[in-house]
Amino acid sequence: MKYTEGAPIRDTKAPAGPIEERWEKRKFSARLVNPANKRKLNVIVVGTGLAGGSAAATLGELGYNVTSFCYQDSPRRAHSIAAQGGINAAKNYRGDGDSIYRLFYDTVKGGDFRARESNVYRLAQVSVNIIDQAVAQGVPFAREYGGLLDTRSFGGAQVSRTFYARGQTGQQLLLGAYQALERQIAAGTVTMHTRHEMLDVIVSDGRARGVIVRDMVTGEIERHLADAVVLATGGYGNVFFLSTNAKGCNTTAIWRAHERGAYFANPCYTQIHPTCIPVSGDYQSKLTLMSESLRNDGRVWVPLRKNDERAPGDIPEDERDYYLERIYPAFGNLVPRDIASRAAKNVCDEGRGVGPGGLGVYLDFRDAINRLGRDAVEKKYGNLFEMYERITGENPYDVPMRIYPAVHYTMGGLWVDYDLQSTIPGLFVIGEANFSDHGANRLGASALMQGLADGYFVLPTTIGDYLADGPFGEVDEEAVAEAEIKVRSKIDRLLAVNGTRTPDSFHRELGKLMWDYCGMERTEESLRKALERIPELRQEFWENVKVSGTAEELNQVLERAGRVADFFDLAELMCLDALVRTESCGGHFRAESQDADGEALRDDENFAHVSAWERTPDGPVLHKEPLEYEYVKMTQRSYK
Ligand SMILES: Cc1cc2nc3c(=O)[nH]c(=O)nc-3n(C[C@H](O)[C@H](O)[C@H](O)COP(=O)(O)OP(=O)(O)OC[C@H]3O[C@@H](n4cnc5c(N)ncnc54)[C@H](O)[C@@H]3O)c2cc1C
């Protein structure tokens with residue numbers, strides 16, 4: 001796949017000056033919209049997860065006319081509901097040395113120096129407000145005996161800053177955001193459309209002015225117009241078919257915005273989570289996460305000997321290798337996800353993996369149960385243990401869990417500036433759908449923090465600055481009609497193929513190819529293979545896919561086919577991005593670029609930039625945004 005290099009791109013919105021003053025400065029310089037004018041401005045928010053739900057509720061509360069969409073039957077079924085472990089905030093309730101600066105530092109370092117300093121600092125500042133907001137809404141965070149909110153530790157940090165509600169933090173936070181959203185729906189400031197799938201962005205006179213959606217029950221194609229559009233449509237990890245994401249997660253909203261001109265940043269940055277239940281067979285369609293919080297008390301190990309088939313309980317202490325504690329004594333089992341995942345892969349590649357096919361390592365609670373008692377362990381992790389037992393049939397109180405890395409999160413996404421605005425004026429992107437704050441590796445418990453920071457605090461300010469120039473007048477009818485025709489013809493084309501293979505079978509094959517060639521480890525050879533194979537498979541898809549049913553009814557095969565078609569194009573861009581970035585950084589591990597200890601070796605001279613891809617009729621164009629570090633010194637990351 002050929003590409004060209006275009007002009008560099010810069011974020012012009014982040015103010016200069018001391019980093020701790022930048023967000024204050026931006027808030028003050030952002031123009032305000034007076035209450036009477038807000039009522040004349042329409043904003044579309046696509047997505048009702050933590051990012052979209054909090055944004056729509058806040059914009060409604062501010063007085064804008066908000067129209068909100070999601071493809072589930074209820075806003076509170078967004079994938080955010082699945083988040084288990086917790087949400088970071090620099091509250092320092094523990095007095096263990098945490099601070100805004102430390103959260104900022106950990107996040108920049110954890111992201112392997114591929115995130116913007118200004119954004120990350122703002123995220124750390126806002127983190128403390130999120131907890132207050134959620135508590136005010138009644139989110140039942142775990143508390144300590146003394147009454148203060150409890151915290152636990154997550155990877156990549158030596159302090160305990162993760163707030164949680166048992167293993168259901170996303171659910172509780174989403175219920176908070178959902179209640180706030182429902183309140184605005186009842187107040188008439190937000191109009192909610194569930195079971196509607198956005199299939200295109202309307203761009204008129206260079207501005208995002210609306211969306212084309214399909215009513216998933218009747219099949220009707222609808223147009224919705226506005227003064228600004230916000231995409232909060234989540235991540236695209238399901239390009240790998242098997243992932244911890246909900247089955248519905250997809251790339252269609254952001255991919256179609258990309259086709260309309262929004263740049264796509266760092267598509268190859270994928271997070272592989274180290275603690276998932278291993279794949280159990282060829283017909284599996286979903287992987288299950290075991291929360292990172294379990295690494296607070298669970299110890300990761302494999303047998304010292306290769307191909308050791310003894311039951312874990314029969315392997316004596318001195319024949320076990322607690323490899324994370326051995327290799328990374330400073331962080332032990334709480335090294336960041338990219339490091340823990342690669343370490344698990346390495347011990348399995350050495351032949352020391354456990355379980356079927358040797359693709360597993362133990363996560364063992366024996367010592368924690370002996371130290372704290374079974375009740376205490378059950379209180380903290382009970383629902384996760386139960387989930388594990390239901391899926392595997394093994395009781396983790398008695399035998400260690402078996403875990404293996406799996407695709408979990410995508411750091412890449414649509415490029416946005418400090419205001420969270422994409423390269424299409426009026427198109428804002430928040431939550432996992434943008435590329436923003438995590439660099440090449442997201443730290444655990446930071447996605448919920450980012451989604452809510454974007455939705456409750458950042459976007460409501462920055463979008464005002466844009467809307468201060470509105471209302472933007474009539475939308476060009478030709479632009480709307482063109483978008484509608486594009487959507488309809490894609491649907492017609494899918495239905496017309498009438499081949500023999502299901503969309504799912506193509507998706508499964510594409511996902512396997514991505515995992516094998518662009519997964520935990522990538523090489524020039526594997527990526528070139530993928531770039532050769534993806535177009536062939538895509539062609540076969542367009543010649544042989546079978547979409548049963550019609551467009552004028554509830555048709556899940558049609559929905560899936562459209563999403564798989566977009567996954568093909570995205571997969572190609574991911575592999576190209578991974579091929580061009582010949583360094584290793586965070587979750588992007590190029591086997592050719594590693595140090596003597598097998599750790600990711602960055603190439604700051606050539607790759608200290610965000611890769612922002614533009615889609616043009618002549619092929620992808622790469623725009624580089626240079627990354628500068630004034631506060632955190634770029635060093636080789638070490639957790640030893
Ligand atoms: C199993 C699991 C556990 C996790 N645990 C944690 C954790 O403990 N802590 C943490 O910080 N992070 C965690 N994460 C990550 C975190 O949950 C997600 O990154 C985050 O919830 C994403 O929120 P979001 O609002 O951006 O998107 P989502 O919650 O994915 O919401 C996307 C929304 O967009 C809508 N949508 C998408 N496309 C369209 C379309 N075309 N048309 C209409 N609507 C559309 C959907 O209907 C949905 O409402 C976890 C992730 C997984 C998979």
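**View 1. Aromatic pairs of the predicted model.** The count comes to 23 aromatic pairs, where rings of Phe, Tyr and Trp (its six-membered ring) pair if their centres lie within 6.5 Å, and planes under 30 degrees apart count as stacked, over 60 as edge-to-face and the rest as tilted. One of them is the edge-to-face pair of Tyr101 and Tyr121, with 6.4 Å centre to centre and 65 degrees between the planes. Tyr101 belongs to helix H4 (residues 100–110) and Tyr121 to helix H5 (residues 117–137), 20 residues apart; helices (H or I, at least four residues) and strands (E, at least two) are DSSP runs, numbered from the N terminus. Tyr121 is buried at 8% relative accessible area, and Tyr101 is partly exposed at 35% (buried is under 20%, exposed over 50%, partly exposed in between; 1.4 Å probe, protein chains only).

This is a predicted model: local features need pLDDT of at least 70, side-chain atom pairs count only at pLDDT 80 or more, and totals for chains, interfaces and linings use all residues. Residues are numbered from 1 along each chain as its sequence is written, and side-chain values use heavy atoms, leaving out hydrogens and water.

**View 2. Arginines over tyrosine rings.** Arg299 lies over the face of Tyr322, 3.8 Å from the ring centre, and Arg563 over that of Tyr71, at 4.9 Å. The criterion is NZ of Lys or CZ of Arg within 6 Å of the ring centre and within 35 degrees of the ring normal.

**View 3. Strand E9 and its partners.** In E9 (residues 207–215), 8 of the 9 residues are buried. E9 pairs antiparallel with E8 (residues 196–204) over 8 bridges; strands pair if DSSP finds at least two bridges between them. Val203 has Ala208 as its bridge partner in E9.
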